[in-house]
Amino acid sequence: MPLPTPPHDDVVHSEAFLRTLMRRQLQLSIACAAAFMIVLFGLPIANYLAPELMATRVFGFTLSWLVLGVLFFPAVWVISWFFIRRSISLEEQEVKSVANVRKE
Amino acid sequence: MSALLPLSASLAFLGGVDPWIFGFSAITVVVTIWMGFRSAKTSKTASDFFVAGRSVSVGWNASAISGEYLSAASFMGIAGMVMSSGYDALWYPVCYACGYLFLLLFIAGPLRRFGAYTIPDFAEGRFDSPLFRKIAVCFVLFIGFFYTMPQMKGAGTTLAYIFPGIPYWAGVAIVGAVITLNVALGGMKGITLVQAFQYWMKMFAISVPVFVLMAVYGGYGAHVGANRTAAESLAEPAAIVQTIDTPRATLPATAPSDVSWVSPFGPLTTKAAKAAGLSAEETKPYSLLYTYSLIIALVCGTAGLPHILVRFYTNPDGVAAKRTTMWVMILIGVFYVFPPVFGVLGRNLLPELYAATGAKGTDKIVLELPRIINERYGIWGSVLSGIACAGAFAAFMSTFSGLLVSMTGALAHDVYGRILKPHATAEERMRMFKIAAVVIGAMSVVLGSQVEQLQINFMVGQAFAIAAASYFPLLFMSVWWRGMTMKGAATGMLGGGLAALACTTVINLSDLKIIDLGVFWRTNPLIRILCEQPAIWTVPLAIVLMIVVSKATRTTVPGDVRMKMLVLHAPEKLGLKQEYIQEHSAGAGH
């Protein structure tokens, strides 16, 4: 159910609210993206600089093959699960804080 | 069973067609068409046709998005490319799956909150510019056609495998006609159900043959292990590291060597530098560049595929959009473990495919490989191969339907409904939707029949490269940067997108030998790599253009940008969307 239209001098329409809103969500997104990109861009570098290490055999796979072909997927699920949990709780906090200010 | 055998034997005699393979594929096609027709009865309104009434549940929607996303490239192309190029091709499945993370982190939630039918709707709404809508529509069509070509190659390859007698182009034409009919009758609501069904169909069809093959011929790791790395071939030139049950047949001369196949920086990424006559050490930096550019194209491209993005509008709200993305990542992540297994096993068990090209080459490994079980367990190989064919049908049928819906939507909803005839009645729009579907279906068939010699996965990569340089910067920047102006967005999207489009077109024309650039590529390997995988420079180009032009035209930032940003980012519970629409319709009255 949408709430009734708030007046325009409401806290929601202030510059400060939008700024905090965007900054907090962007910070979360960037943190998760950074974790992902370290793995994603790190692997080719590891292959480039340490080919012998990455060619070590693990269950018949080379280490590099195991990481890219199998382990990568669960790693990404963990990042996205973390992101969704945090992002939904961020939204709840925002709704709550707006409701508190409006009450006052 | 005994009554069936003479019948199936006579059928096999008629056309060299394996009855089991034919049977399973026919069932998939019939079920798909039946589901399309059935839901055609229930989808009546224009909203039903375009975004399925916006009321699809998370589970259904996630299966449907995954079903639509797992295309011929995922089902057949990855296996074919892993077999032909080895390790480097693994980047494709990984980035196809992980690109969704970017979509989730930066785009999914805000885009859903903004609420619009299509990406062109978003482009217009965010910048209040009907002109920008037209530019955005062009890219739906560009990317769409680049993405349909590999689907058509998948269709042609599969039909040529099932019916050894028919030519490649005939397979393309038959599949194109069937799907076009289905879309014209059912619209998108039909598609949601069909797509969800097809995800599970594909998952079943890729995993079951893999498990059986591994049980019979040895595991994934053992088959990777049969390829010796550089250090191992130096240490013990004769010994095989891991033994597999069946000794490998001799590899044809066209197959890459063990070392280059199992190690990073193999044939896929070093081709250009090798052709220029550089030594192994000298090619490595080129190879690294190629890998990075490929990663950028695939990750950013996933976040900008128009036919996937349109699906987010079928979520009830932004939270559901995020949950859906999470489930999509799990569903497709599990799927993507399997196709490379076919490529790995295929290298050891069916190396003769290396010697063939076009529809008979490595792209059909997923279909052909299960059939070798026939040698040991009677017809079971044919049954499994039939299941794999059914999965391939599900793959190119679902993706092509999805593309057709989004391209047809662009033509009917955007070009016709908004530009040519803004006051068209709902009935006229529905009729236009059907006409547009037929026109685009026919064009796809014509384009698809031309690309038999190109690899499926490679072509999909190109569609991703164009999406990465056009839609991804547009969405990312317009969602997170308030200073963006229409001119900035349009310049960036056009600059990046057209540069990528030009590069990929040149590469395709030269690979199909329509124009001869062989000598030029040999002398300029760097240019060849930057054209073949342009994302590493086109994505930054698009973003820089957006920033520079937006700064220069600062005065034209939309007046209500703060309100727009609030709608994009504030939780739905605050009810801002309602308010925005009221304000907007009031504004239009002035």
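This is a predicted model: local features need pLDDT of at least 70, side-chain atom pairs count only at pLDDT 80 or more; totals for chains, interfaces and linings use all residues.
Local features are given only at pLDDT of at least 70 and side-chain atom pairs only at pLDDT 80 or more, whereas totals for chains, interfaces and linings use all residues. Residues are numbered from 1 along each chain as its sequence is written, and chains are lettered from A and ligands numbered from 1 in the order in which they are written.

**View 1. Chain B contains 28 helices and zero strands.** Helices (H or I, at least four residues) and strands (E, at least two) are DSSP runs, numbered from the N terminus. Of the 590 residues of chain B, 59% are buried, that is, 20 or more other C-beta atoms, placed from the backbone, lie within 10 Å of the residue's own. Two residues are in contact if their C-beta atoms, placed from the backbone, lie within 7 Å. Among contacts in chain B between residues at least 6 apart in sequence, 83% join residues at least 24 apart.

**View 2. Helix H6 of chain B covers residues 91-114.** Its 24 residues reach 33 Å from first to last C-alpha, close to the 34 Å expected at 1.5 Å a residue; the expected span is 1.5 Å times one less than the number of residues. H6(B) bends by about 55° at Leu104(B), the bend being the angle between axes fitted to the seven residues ending there and the seven starting there. Because 24 of the 24 residues of H6(B) are buried, the helix is largely enclosed by the rest of the structure. Gly115(B), with a positive phi near 70°, follows H6(B).

**View 3. In the interface, 45 residues of chain A are in contact with 48 residues of chain B.** Helix H3 (63-103) is among the elements of chain A that each supply at least two residues to this side. H3(A) gives the most, with 20 residues.

**View 4. H3(A) packs against H6(B) at an angle of about 10°, with their axes 10 Å apart.** Axes are lines fitted to C-alpha atoms, for helices over the stretch in contact, and angles run from 0 to 180 degrees between N-to-C directions. H3(A) is therefore roughly parallel to H6(B), a term for angles under 35 degrees. Residues making the contact include Phe72(A) and Phe83(A) of H3(A), and Leu101(B) and Leu104(B) of H6(B).

**View 5. Val101(A) lies in helix H3 of chain A.** Val101(A) is partly exposed, with 13 other C-beta atoms within 10 Å; residues with 12 or fewer count as exposed, and partly exposed falls between exposed and buried. The C-alpha atoms of Val101(A) and Tyr48(A) are separated by 55 Å.

Key:
Angles under 35 degrees count as roughly parallel, over 145 as roughly antiparallel, 65 to 115 as roughly perpendicular and the rest as oblique.
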